[in-house]
Structures are given as structure tokens and as C-alpha cells.
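Thanks for coming. Please have the sequence and the model open while I talk. I will go from the overall picture to single residues.

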Amino acid sequence: PIEPAFPKPRRSRQAQTVWGSRIVTVGGDAPVRVQSMTNTDTVDAIGTAIQVKELAIAGSEMVRITVNTPEAAAQVPYIREQLDRMGIDVPLIGDFHYNGHRLLTDYPACAEALSKYRINPGNVGKGDKHDRQFGQMIEAAMRWNKPVRIGVNWGSLDQELLAGLMDTNSLRPEPWDARLVMYEALITSAIGSAQLAERMGMDGNQIILSCKVSGVQDLIAVYRELARRCDYALHLGLTEAGMGTKGTVASAVALGILLQEGIGDTIRVSLTPQPGEARTQEVVIASEILQSLGLRSFVPSVTACPGCGRTTSQTFQVLAKEIDDYLRAQMPVWRKKYPGVEKMKVAVMGCIVNGPGESKHADIGISLPGTGEAPAAPVFIDGQKALTLRGDNIAAEFHQIVENYIEK
Ligand code: SF4
């Protein structure tokens, strides 16, 4: 028998990131969440607040901002205030490296305004200082009742831990793989830090882990093992994925494989924006990854064929793009007005070969006439042929039919 394919259930604990009345639950059976990060200087509070707003409107359910200096920490409450004024209640996550213990202690208003702290155990100090400074950040999280993400990155791995593991392995008589030792160091750093935080009194349900690497196969290997060894909620992302098509494809492949296996509770697509490309593009891609796996629905999906020699006319390509743009643009209003509209499927097809069949699978579909076909475009609604459009106004008339369908 043929078995259906679907993502395996996740088995992680739940953590909550809260701002005001907005509660974003992560892990367990909560939806896989989309995250993003600003690339503004946090000292530029207005610029940062505007970018957070853009990312939130694009669909980012949590937004991380850099908190790297006293000046940046001092601006965080003001950024929060600006967002609240604009009605943007997205939780803000503070990204700390090297001096987070001091900033969270010296700037209590910053510690309070943030909804979660990202701690990189590879960047909290060396030797004796490591546990003390890490502990100061955990204490701040407990004092302000905030969850933490313990985020390990192989570009900033705890070098003492790695060196120790390398030394141990160098004594082994049999051949060993330095790459696997690196994986071990990443996982040990993440889980060891989480256990240390729990020994300090932190609730394990308030801890989220990540182990980011930049290679697809490395990420899959590390997260499979991380998920096997613990049940903390996991944040997933291919770090430094790169630019454009390469970064998009690599992220989709890596995250797709892991999500299908039930691994990953929040995701970020870390794209380097190309000149002129909106920062929000990474949010759109992350949302598309979840939607294409059937894990979540954000916007109605438009099925369109690629076109071929049967469609010398560009009408169907133009119409497909127009309908897709229109549906996306309406979503901020429709999401509240028409609950469930995001699950709708629209088909725009180029000829009779696959047009009627694909249109019947959609909620609403149109099969445009290909070359040599009669100039008629049958429209299908809820799987049935409803009417046929003819003439020069097919695009505008179909547009209206889609609008009427959604309103009805
Ligand atoms: Fe070509 Fe028709 Fe197939 Fe579209 S549906 S790709 S136009 S054969």
C-alpha cells in the first residue's frame, strides 16, 4: 500500500515568548514559528523599530535585535515603546555576545523590554569567567521571567571545549573524524549550557536550543543528534546561508528535511540581502518553507504551470503573477476578516492539457486557451466547471470572480 507523506510530530517541550497580551508558544504541538533579525544599528532606534515593524508585517512572529553596546541597550526600551505605539506587539529578542552579562545587569529597562535573551555560550568569557558570566545572564532571565535561547554557532564555538574534545580524540588509536568531533562540541556546548542553566534554577521549559552551521549535511547531522539527545525546543536555521538562489535553496533543503522529521520548533532563513532586496524576503521564504511542507498556511497558494510551446501568449503568466500579488497584498486585512482564507488554492493554467484537471483540484481555477485552442477559458469553482470566459477581458473578469469567491 502507498503511504501518505506528512511531517512527523515534534516531541519537544514548550516555551513561551511573551509581550503584553501576545503569547508566542514555541515547541511541542505549537505551530513552527517564523523568526527574523534586523540588520540596523540598534542605536538607531527609529530605524530599528521601522525594520522590526516591516519584518512583523511580513510574518515574522519574533524579531531579534543586536544588543552589543551600552548605547544599544539604552535604546531597547525606546524601540519597544515605538513599536507599542505603532500597535506592533511582536516579541523582541536581544542578541548578546561578550558583554551580555553586563548589559543585562546595568540596563534593567533593557532586560525588561526584551521578551527573550539569546546567549551564545561560545562568547560569554573564557576559563573561570565563563560560568560566572553565563550565570549572570541566566539570573537576569530568571529575575525578569524571560526565556532564553542558548544559541551555539560553529563560527564562534567554545574553543576550550573543542580543544578538549580534540585532545581526547587524538589519544584514540583508531582513525577519527575531526568533523564529527566538531558536531560533538556543538551539541555538548548547547546541552551542557542548558543543564548548567537548569542547575542554576532556570525552568527547563524556558530554554530553547540552537546549533547553527552553514553546511546542509552538517546541519542535518547535528540537529538529528541534538533532537535525539534532548527534548528542549529547537530553533533551526542554516547560518550564513549566503545570497539569493544559493541561500534560499540551501535553507529550504536543510530545513525541509529536518522539519519533515519532526525536528525544529522555530526557524530563521539567514539570507544576505542582495542590493535592493528587501530584508523581509527571508521571512517570506521561511513562511513558504512551512507552507510547502503543509505545516502552516499563511497566504492562499497559486498553482501555475510553467508554460510551454502551447502558450505563446503571456496572458496566463501575467494573470498568475497578478493574482498571486493581489492575494498576498490583501492578507493583512483578510486574515482577520475571512478566517481560513490562507488555506485557499487558486490555479492559473496555460492550456487544456493540464488546465482543467489542475483547476478542479483547486478551490477556484482557470484554464486559459493555448495556441490552436478555441478562445475560451473555462473557470472551475469548488471542483466544478462554473462558467467560460471569452474575449479580451478574461484577466479582469477572473480577478473579479476570485474576489467574489473570497467574499462569499
Ligand atoms: Fe504547457 Fe499546457 Fe502544461 Fe501549461 S498546462 S505547461 S501550457 S502543456
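Helices and strands here are DSSP runs, numbered from the N terminus; a helix is a run of at least four residues in H or I, and a strand is a run of at least two in E.

What you see is a predicted model. The mean pLDDT of the chain is 93, and 100% of its residues reach 70 or more. For the complex, the predictor gives an ipTM of 0.99 and a pTM of 0.93.

Now the overall picture. The chain has 408 residues, and 51% of them count as buried. It contains 13 helices and 17 strands. Its C-alpha trace spans about 80 × 60 × 40 Å along the principal axes.

Next, the ligand. Which residues are around it? They are Cys305, Pro306, Gly307, Cys308, Arg310 and Thr311, together with Met349, Gly350, Cys351, Val353 and Asn354. Sorted by type, this shell has six nonpolar residues, four polar ones and one charged one.

Gly372 is in the loop between β15, residues 364-367, and β16. Gly372 and Cys351 are 21 residues apart in sequence, and their C-alpha atoms are 9.9 Å apart in space. Is Gly372 buried or exposed? Gly372 counts as exposed, because its relative accessibility is 87% and the cut-off for exposed is over 50%.

Now to salt bridges. In general, side chains of opposite charge can pair when their charged atoms come close. The count in this model comes to 19 salt bridges. I will show three of them.

The pair to begin with is Arg64 and Asp95, whose side chains meet in a salt bridge at 2.9 Å, N to O. Arg64 is in strand β4, residues 62-66, and Asp95 is in strand β5, so the pair ties together parts that are 31 residues apart in sequence. Both Arg64 and Asp95 are buried.

The next pair is Glu184 and Arg229, again a salt bridge of 2.9 Å from N to O. This pair links distant parts of the chain, with Glu184 in helix α7, residues 178-199, and Arg229 in helix α8, residues 216-229, 45 residues apart. Where do these two stand on accessibility? Glu184 counts as partly exposed at 29% relative accessibility, and Arg229 counts as partly exposed at 35%.

The last pair is Arg228 and Glu225, with their closest N and O atoms 2.7 Å apart. Both lie in helix α8, three residues apart, which is about one turn of the helix. Arg228 is exposed, with a relative accessible area of 59%, whereas Glu225 is partly exposed at 21%. Salt bridges that share partners join Glu184, Glu225, Arg228 and Arg229 into one network.

Back to Val216, as promised. The C-alpha atoms of Val216 and Leu238 are 7.2 Å apart, although 22 residues separate the two along the chain.

Now the surface. Ile46, Ile50 and Tyr78 make a nonpolar surface patch of about 250 Å². Tyr78 is in helix α2, residues 70-85. Why does Tyr78 count as partly exposed? Its relative accessible area is 35%, and partly exposed covers the range between the buried cut-off, under 20%, and the exposed cut-off, over 50%.

Two residues remain, and the topic is backbone angles. Tyr98 has a phi near 70 degrees, a positive value in a residue other than glycine. Tyr98 lies in the loop between β5, residues 92-96, and α3, residues 100-106. At 60% relative accessibility, Tyr98 counts as exposed. Asp382 has a positive phi as well, near 50 degrees, and is also a residue other than glycine. Where is Asp382? Asp382 is in the loop between β16, residues 376-381, and β17, residues 384-390.

That is the tour. I will take questions.

Technical notes. Residues numbered from 1 in each chain as written. Heavy atoms only, no water. pLDDT = per-residue confidence, 0-100. Near = heavy atom within 4 Å. Nonpolar A, V, L, I, M, F, W, Y, C, P; charged D, E, K, R; others polar. Patch = residues over 30% accessible without salt bridge, like charges linked within 9 Å, V, L, I, M, F, W, Y side chains within 5 Å. Areas by Shrake-Rupley, 256 points an atom, 1.4 Å probe, with all protein chains shown as cover. Salt bridge = Lys/Arg side-chain N within 4 Å of Asp/Glu carboxyl O. Buried < 20%, exposed > 50% of the residue type's maximum accessible area, 1.4 Å probe, protein only.
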